[in-house]
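This briefing goes through a single protein chain by topic. Please look at the sequence and the coordinates first.

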Amino acid sequence: MPPLPPLLGARRAPTEPSGAPAQDDPGAFDAALDDAGLRTARAALAQGRRQAVRALLVHTGDDWDRRGHRLTVLARDPYAAAWASDWLTAEPGSADAAALLALALVHRALRGREQPGRAREACDTAAGLAPADPTPWLGRLLLARALGPEREVLDTFGELYRRHPEHHHAHHLLIARLAERPAGSRAAEAHEVYDVAETAAAEAPADSPLAVLPVVAYAERYRVLAATGPVPAGPTASGHWSGPRARRILRACFDWWLEWEHDEHPRRHIDLNHLAFALTCAGRPAEAAALFQRIGEHATPAPWSYAHPDPRAAFHAARTRALGR
C-alpha cells in the first residue's frame, strides 16, 4: 500500500451541500455510532418492520438530542420515506411517523432526489403534531444550512433553540454555516464563529458537551480554509492550530473532557473525533491518544475529511501515530 498523503496539506474530500463528507461508501462509517438499539431498529426498518422503530422512539421520549440523532440516522435508509409514509397512513396522528417521514424527505432533498419544498412541508406537518419537539426543526435546519439563505438558518436555529437550548446537532450546523462567512479584515483568530462558539459553551451548563463547540468552530474554519487551496503540511505549519486562542481552547476543551466525560450522550463520538483531530493537528499526540482510546472504532467522517481525501485512512493513520502502533 503506498504511503498516505500527509494529514494536513492534502486536498480534502469533496463535501455534500450540507457540509458533510460525500458518502460513496455508506458502509465506511456507521452514523449510528455505538447505539445498539438504533442499529437494531434500523435493520428492522430496512425490512419494512416498523415495530422496533416505534418502540425505540417511545423509549427515547423527550431526550431531544437522542431523538434527533436516532431519527436522522433512521431517515438515511433509502426506503425510509416509503416506510414512514406507510406508517403515517396507518397511524395518521403519529408524531413519530411524521418526524421520520419529514427527515427522510430532507435527506432525499439534500441528495437531489426530492423537492426541498415538499421536505419543508413535511417538517411543518411534523412540527404541528408535536409542537415541543425540536426534531422537525432540525430537519428544517438541515435544509436551510445546505440550501437556504443565512437568514433562514438563523431563524430556524432560533425556533430550535427555543425548544432545546442545548441542542447538540443544531449548534454544529450553525457553527458550520457561520464558519463560511468571509473573515474580512479580522485577524485569523478573530473570526466571529469563534466568538459564537465560545459564548454558547460559556452559557451552557458546566456538564454540557457544548463545551467542545469552540474546537468544532476551529475545525469548520479549517474546512473552509482547506477548500480554498492547499494548506501547508505539518501540524503547525499553517498556524491555524498554534495561535494563542487555539492553544487556549484546546487546553480548556481537553481539560473539560477529562473532568466531565459523559458516556451516555448519543453524539459524544462526534465531539471526541473533533477533539482528537484538533490535538493531532496541533502536534499533541499524547493527549490525542487518550481520545482515540475512547473513540475505538467509532470514527466519524467529519472532521477527518476536512484535510484528507480518505477520512478513514486519515483517522487510522492519526490513531496509529498517537498510540504508537
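The points below cover confidence, a helix pair, cavities and backbone geometry.

The model is predicted: local features need pLDDT of at least 70, side-chain atom pairs count only at pLDDT 80 or more, and totals for chains, interfaces and linings use all residues. Residues are numbered from 1 along each chain as its sequence is written, and side-chain values use heavy atoms, with hydrogens and water left out.

**Confidence**
- The average pLDDT (the predictor's confidence in each residue, from 0 to 100) is 89 for the chain, and 88% of the residues score at least 70.
- Residues 1-27 have a pLDDT below 50, and this stretch has 66 contacts (heavy atoms within 4.5 Å) in the model beyond near neighbours in sequence.
- Where pLDDT is low, the predicted coordinates should not be read in detail.

**Helix pair**
- Helices here are DSSP runs (H or I, at least four residues), numbered from the N terminus.
- Helix α5 (residues 95-110) and helix α7 (residues 135-147) have axes that come within 9 Å and cross at roughly 10°; axes are lines fitted to C-alpha atoms over the stretch in contact, and angles run from 0 to 180 degrees between N-to-C directions.
- The two helices, α5 and α7, are therefore roughly parallel to each other, a term for angles under 35 degrees.
- From α5, Leu103, Val106, Ala109 and Leu110 meet Thr135, Gly139, Leu142, Leu143 and Ala146 of α7.

**Cavities**
- A cavity is a set of points on a 1 Å grid over the protein atoms alone where a 1.4 Å probe fits but cannot get out, and lining residues have an atom within 4 Å of a point.
- There are two cavities of 30 Å³ or more, and the largest cavity has a volume of about 130 Å³, volume being the space filled by probe spheres set on the points.
- Residues lining the largest cavity include Trp256, Trp257, His262, Arg268 and Asp271.
- The lining of the largest cavity divides into six nonpolar, two polar and four charged residues.
- Helices α12 (244-260) and α13 (268-281) each supply at least two lining residues, and α13 gives the most, with four.

**Backbone geometry**
- The peptide bond from Ala302 to Pro303 is cis, with omega near 10°, and Pro303 is in helix α15 (residues 301-304).
- Leu33 is not a glycine, yet has a positive phi of about 55°; Leu33 is found in the segment before α1 (36-46).

Definitions and conventions:
Parallel < 35°, antiparallel > 145°, perpendicular 65-115°, else oblique. 1 Å grid on protein atoms, 1.4 Å probe; cavity = no way out; pocket = protein on both sides within 12 Å on 5 of 7 lines; lining within 4 Å. Nonpolar A, V, L, I, M, F, W, Y, C, P; charged D, E, K, R; others polar.
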